[in-house]
Amino acid sequence: MNKKVIVTTCNENETRRVGEILGQMIQVPLVVVLDGKLGTGKTVMVKGAARGLGVTEVVRSPTFTIMMVYRGRLPLFHFDFYRLDDRMELDALDLEEYLEGQGVAFIEWGTRFAECLPPERMDIRLAYSEGDMSSTERVITFYPHGRAATALLDRMSEKLEYNFEGEIR
């Protein structure tokens with residue numbers, strides 16, 4: 001995990017826009033793992049990515065349903081592991097079928113079951129700016145794992161630099 005890109009957004013709309021750029025740039029099946037405290041914008045990021053993937057349905061948090069499926073340019077599988085307590089609950093989802101399929105899997109709270117994640121993926125960490133929960137700013141850090149995720153992040157970096165005047169490193 002050598003490479004990383006950090007983007008600071010000023011508000012929810014900018015966080016959604018970062019997600020949209022991610023969705024536009026995804027060309028092949030991919031697993032995206034979103035991590036961060038409650039309220040940092042994980043679902044907001046997925047909503048933007050869905051728009052970038054051409055999903056026209058309203059994207060909702062799958063906190064209580066655990067998984068939602070949306071149709072776009074590539075199928076979007078949206079998981080939320082927050083309420084899962086053990087591996088048996090995860091196994092009941094047939095997760096491997098979705099992670100190895102022809103779509104894009106976005107997994108909120110995926111690090112709770114890190115041992116189940118594929119080695120090739122994009123990890124995204126969302127955090128409150130300077131740890132201030134009242135701030136609308138978010139620090140979004142992208143960590144690519146594998147060739148496809150690294151290439152995606154390279155393509156995204158150019159577009160992010162063009163779209164955001166804030167901090168990008």
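Helix α1 comprises 14 residues and spans 20 Å from its first C-alpha to its last, close to the 20 Å expected at 1.5 Å a residue (the expected span being 1.5 Å times one less than the number of residues). The model is a predicted one, in which local features need pLDDT of at least 70 and side-chain atom pairs count only at pLDDT 80 or more, while totals for chains, interfaces and linings use all residues. Residues are numbered from 1 along each chain as its sequence is written, and side-chain values use heavy atoms, with hydrogens and water left out.

In the protein, five helices and seven strands are found (DSSP runs numbered from the N terminus, with helices being H or I of at least four residues and strands E of at least two). Their order along the sequence is β-α-β-α-β-β-α-α-β-β-β-α. Of the 169 residues, 51% are buried (under 20% relative accessible area with a 1.4 Å probe, protein chains only). Contacts (heavy atoms within 4.5 Å) also reach along the chain: among those between residues at least 6 apart in sequence, 67% join residues at least 24 apart.

Back at α1, its N-terminal end is capped by N11, a side-chain oxygen of which lies 3.1 Å from the backbone nitrogen of N13. The buried residues in α1 include T15, R16, V18, G19, E20, I21, L22, G23 and M25.

Helix α2, residues 42-52, is mostly covered, with nine of its eleven residues buried. These are K42, T43, V44, M45, V46, G48, A49, A50 and G52. They pack against α1 (12-25) and against the strands β2 (30-35), β4 (76-80), β5 (104-108), β6 (121-128) and β7 (138-145). After α2 comes G54, with a positive phi near 85°.

The largest nonpolar core has 32 residues (such a core is a set of buried Ala, Val, Leu, Ile, Met, Phe, Trp, Tyr and Cys residues joined through side-chain atoms within 4.5 Å). Within this core, I26, V32, F106, M122, I124 and F142 touch the most other members. At least two residues each come from β1 (5-9), α1, β2, α2, β5, β6, β7 and α5 (147-163). Helix α5 is the greatest contributor to this core, giving five residues. Beyond its neighbours within four places in sequence, F106 is in contact with L22, I26, V32, L34, V46, A49, L53, L76, F77, H78 and F79. Another core, of 16 residues, lies apart from the largest one and has F79, A105, I107 and W109 among its members.

Methods:
Buried < 20%, exposed > 50% of the residue type's maximum accessible area, 1.4 Å probe, protein only. Polar contact = N/O pair within 3.5 Å; in protein donor to acceptor, adjacent residues only side chain to side chain.
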